[in-house]
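This note is for a colleague who has not seen the structure before. Please read the points below alongside the sequence and the model.

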Amino acid sequence: RLRLVLEATEQRIGMVQAKTITDQILEKTSGEDEKDLKVGTPSLPPWARQIRKGTKVEYFWNEVEGWCKGEVSEDPVMVVDELIITVLFDDGTTVRLPFQGDEKARWRPGGM
């Protein structure tokens, strides 16, 4: 329990610091220099909400394997802020993987 409380506290403190830095940057910018800065947890891409059993996806495994093609073999399950997706890859391997907003660069719709 203590570990969970510490993690939550650490995230909260990190968010407060990020918002403070963003406010400081916005105070120093003006007119055309103003930037639209977003602070917070990245969200899933819109196409992720359409993933169902049978959807073709690609997952960036690592630098050696690269992009791996597969098909979602079970309907995804949403757990807090991540999708748990079971993928049957073209090589016959089935893996259950998390799809989170901060890892959305590792996922793409199949056939890209």
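1. A pairing to begin with. W107 in strand 6 is the bridge partner of Y59. Strand 6 covers residues 107–109 and pairs with strand 1 in the antiparallel sense, over three bridges. Two strands are said to pair if DSSP finds at least two bridges between them.

2. Basis of the note. The model is predicted: local features need pLDDT of at least 70 and side-chain atom pairs count only at pLDDT 80 or more, while totals for chains, interfaces and linings use all residues. Residues are numbered from 1 along each chain as its sequence is written, and side-chain values use heavy atoms, with hydrogens and water left out.

3. Overall make-up. The protein chain contains one helix and six strands, in the order α-β-β-β-β-β-β along the sequence. Helices (H or I, at least four residues) and strands (E, at least two) are DSSP runs, numbered from the N terminus.

4. Burial and surface. The protein chain has 112 residues, of which 21% count as buried. Buried means under 20% relative accessible area, exposed means over 50%, and partly exposed lies in between (1.4 Å probe, protein chains only). Accessible areas come from the Shrake-Rupley method with a 1.4 Å probe; for residues, only the protein chains shown count as cover.

5. Contacts along the chain. Among contacts between residues at least 6 apart in sequence, 38% join residues at least 24 apart. A contact means heavy atoms within 4.5 Å.

6. Strands 1 and 2. Strand 1 (residues 56–60) and strand 2 (residues 67–72) are antiparallel and share five bridges. F60 stands opposite W67 in strand 2, and K56 stands opposite E71 in strand 2. The hairpin of these two strands has six residues between them, and in this hairpin G66 takes a positive phi near 70°.

7. Strands 2 and 4. Strand 2 also runs antiparallel to strand 4, and three bridges join the two. G70 stands opposite F89 in strand 4.

8. The nonpolar core. Which residues touch the most other members of the largest nonpolar core? They are I85, F99 and W107, in a core of 14 residues. The elements that give two or more residues to this core are strand 1, strand 2, strand 4 (82–89) and strand 5 (94–100). Strand 4 gives the most, with four residues. A nonpolar core is a set of buried Ala, Val, Leu, Ile, Met, Phe, Trp, Tyr and Cys residues joined through side-chain atoms within 4.5 Å. In soluble globular proteins, nonpolar side chains tend to be buried together.

9. I85 in detail. Neighbours within four places in sequence are left aside here. I85 is in contact with I51, V72, P76, V95, R96, L97, F99 and W107.

10. Salt bridges. How many salt bridges does a search of the whole structure find? There are three. A salt bridge is a side-chain nitrogen of Lys or Arg within 4 Å of a carboxyl oxygen of Asp or Glu.

11. K56 and E71. The side chains of K56 and E71 form a salt bridge, at 2.9 Å from N to O. K56 lies in strand 1 and E71 in strand 2, so this pair ties together parts 15 residues apart in sequence. E71 is partly exposed, at 31% relative accessible area.

12. E58 and R108. The side chains of E58 and R108 meet in a salt bridge at 2.7 Å, N to O. The pair links distant parts of the chain, with E58 in strand 1 and R108 in strand 6, 50 residues apart. Is E58 buried or exposed? E58 counts as buried, at 2% relative accessibility, whereas R108 counts as partly exposed, at 22%.

13. E74 and R96. In the salt bridge between E74 and R96, the closest N and O atoms are 3.5 Å apart. E74 lies in the loop between strand 2 and strand 3 and R96 in strand 5, so the pair ties together parts 22 residues apart in sequence. E74 is partly exposed, with a relative accessible area of 37%, and R96 is exposed, with 54%.

14. A surface patch. V77, V79 and V80 form a nonpolar patch on the surface, with about 290 Å² of accessible area together. Patches are made of residues with over 30% relative accessible area and no salt bridge; like charges are joined within 9 Å, and nonpolar side chains (Val, Leu, Ile, Met, Phe, Trp, Tyr) within 5 Å. V79 belongs to strand 3 (residues 77–79) and is partly exposed, with a relative accessible area of 41%.
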